[in-house]
Amino acid sequence: MNPAQFNQLITDTKYLTDKQARYLEKLLQGDDPIKHIIDELEQRMVDKPECPHCHSTLINRHGKVDEMQRYRCKNCTKTFMATTGTPFARLRHKELWLDYLRCMLASKVLRDSAAECGINLKTAFRWRHRFLKIPATLKAKKLEGIIEADETLFAYSEKGSRQLSRRPRKRGMKASKPGRSAQDWVPVLTVRDRGQHTFEVVLPHVTIESLTRQLKGKVQKDSVLCSDGYKPYIKFCVKNDLIHKRLDVSAGIRVLDQVFHIQNVNAYHSRLKSWMGRFHGVATKYLENYLGWFRYLDAEENLNENRLFRTEQHLIGT
Ligand SMILES: [Zn+2]
C-alpha cells in the first residue's frame, strides 16, 4: 500500500460503524476467531484431503471464492470449500458472527440479538439454530459413581410452524391434561453424575428399552443410580449391574445414607426451566438444541467467546 492509499484508509476509518470498528480492531490484533477457525479448516483440508460429498481423497484446488480456497473432487467432480459440511458453510456476513455469538452467550432473545447485530429476525433465527446445533452434540459419553436420573416435562409446542397440526395453546393457559400425557408434554430425561457430566435426551416414553438404547455403554459398571423408583430405572439397574437407590419423595424419602438423592438433577432442572423461561416456550423440534445450549452454559465456568470457539474447533475436528 502506498502512502496515499494508507492516508485514504485512515481517513475512511471515521466512517466505520461501531461494529465494524470493533471487528477491525480484532483483525489488527490478530485475534479474529472466525478467521482462525477457517484457517484451521483449510489446514485440515491440506493435511487430510477429503471430499465432503463422496469422501474421496483425490481432490484438486479449483480457484478461490472470497479469498477462500475452493476444491474440486476428481472422483465425483463436485466443488466444495473447507467449510462445506460444517456449521460455517453458507453463513454470510462473517463479520457479524462474533457479535451474534456474543448475544447467544449472553442468552439474549432472538429479537434483541437481531437488533444488536442489525440483521433481520429470519436470519437471526437461522443463525441461532445453526450455532445451537454445536453444543447439542456435547453430551456426556461416560457417567460414573453416584448418578442421578429424573425426567422433567416441557409443554409441547409447534411454535414457528406454518401448519399447526392442532390448536395452539395460549401462553399461560394450563395444558388440558397434566402428568405424563404425550399430548401436551414432552418429557426430557436427564442423567447426571456427581462429576457434573450430563446426558439428556427428549424421551417420550421411559421404558427399559429406551433407557437401554440411550444409556448403554455410558453408565459405568458398579455405579449407583438414584431415581424416583419408576420401574424401568430399577429394571435397567438389574440388567446393567448397577446399584439402585429409590428416592420416594412422596413418602418423604429425599436422601438415603446422606449421599444418595436426586437433588442435583432436580436443581439442574430448575435452573434449566428458569433459563428457558426467557424464550417464552420453544418449539419442540428445537428443544434438543436449547437443552444443549443450556448444558453448555451451565457446565462452563467463566464462559467466554474463546472457549466457545475452541469447542467449535474441537467439534469441527471430530
Ligand atoms: Zn467427491
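Which residue in β3 is the bridge partner of Tyr71? The partner is Phe80. The points below set this pairing in its surroundings; the model is predicted.

1. Strand β2 (residues 68-73) is joined to β1 by five bridges, and the two strands run antiparallel. Within this pairing, the bridge partner of Val65 in β2 is Met68. Strand β2 is also joined to strand β3 (residues 79-81), again in the antiparallel sense, by three bridges. The hairpin of β2 and β3 has five residues between the strands, and Thr77 takes a positive phi near 65 degrees there.

2. **Met81.** This residue lies in strand β3. Met81 has a relative accessible area of 16% and is therefore classed as buried, the cut-off being under 20%.

3. **The zinc site.** Four cysteine SG atoms coordinate the zinc ion, those of Cys51, Cys54, Cys73 and Cys76, at 2.3 to 2.4 Å. The angles among the four donor atoms are 105 to 117 degrees, and the site is tetrahedral. For comparison, the ideal angle for four tetrahedral donors is 109.5 degrees. Along the chain, the donors follow the spacing C-x2-C-x18-C-x2-C. Cys54 and Cys73 link distant parts of the chain: Cys54 belongs to the loop between α3 (33-47) and β1 (59-65), Cys73 to strand β2, and 19 residues separate them.

4. Are Cys54 and Cys73 buried or partly exposed? Cys54 has a relative accessible area of 28%, so this residue is partly exposed. Cys73 counts as buried because its relative accessibility is 1%.

5. **Strand β7 and its neighbours.** Strand β7 comprises residues 224-227; Val224 and Cys226 point one way, Leu225 and Ser227 point the other way, and all are buried. Strand β4 (residues 146-155) runs parallel to β7 and is joined to it by three bridges. Here the bridge partner of Glu148 in β7 is Cys226. Strand β8 (residues 243-246) pairs with β7 over four bridges, also in the parallel sense, and the bridge partner of Leu225 in β8 is His244. Together with helix α8 (residues 231-239), β7 and β8 make a right-handed β-α-β unit.

6. **Aromatic pairs.** Five aromatic pairs are found in a search of the whole structure. One of them joins Phe125 and Tyr286 in an edge-to-face arrangement, with 5.6 Å from centre to centre and 75 degrees between the planes. This pair links distant parts of the chain, 161 residues apart: Phe125 lies in helix α6 (residues 121-136), and Tyr286 lies in the loop between α9 (263-276) and α10 (287-299). The relative accessible area of Phe125 is 35%, so Phe125 is partly exposed.

7. **An aromatic cluster and a charge over a ring.** Tyr268, Trp275 and Phe294 are linked into a cluster by ring pairs. In a further contact with an aromatic ring, the charged end of Lys273 sits over Phe154, at 4.7 Å from the ring centre.

Methods:
Residues are numbered from 1 along each chain as its sequence is written. This is a predicted model: local features need pLDDT of at least 70, side-chain atom pairs count only at pLDDT 80 or more; totals for chains, interfaces and linings use all residues. Side-chain values use heavy atoms; hydrogens and water are left out. Buried means under 20% relative accessible area, exposed over 50%, partly exposed in between (1.4 Å probe, protein chains only). Two strands pair if DSSP finds at least two bridges between them. A crossover is right-handed if, with the strands pointing away from the viewer, the path from the first strand over the helix to the second runs clockwise. Donors are N, O and S atoms within 2.8 Å of the metal (3.2 Å for Na, K and Ca); water is not among the atoms, so sites may look incomplete. Four donors count as tetrahedral if all angles lie between 85 and 135 degrees; four count as square planar and six as octahedral if opposite donors are over 155 degrees apart and all others between 65 and 115; anything else is irregular. Rings of Phe, Tyr and Trp (its six-membered ring) pair if their centres lie within 6.5 Å; planes under 30 degrees apart count as stacked, over 60 as edge-to-face and the rest as tilted. A charge sits over a ring if NZ of Lys or CZ of Arg is within 6 Å of the ring centre and within 35 degrees of the ring normal.
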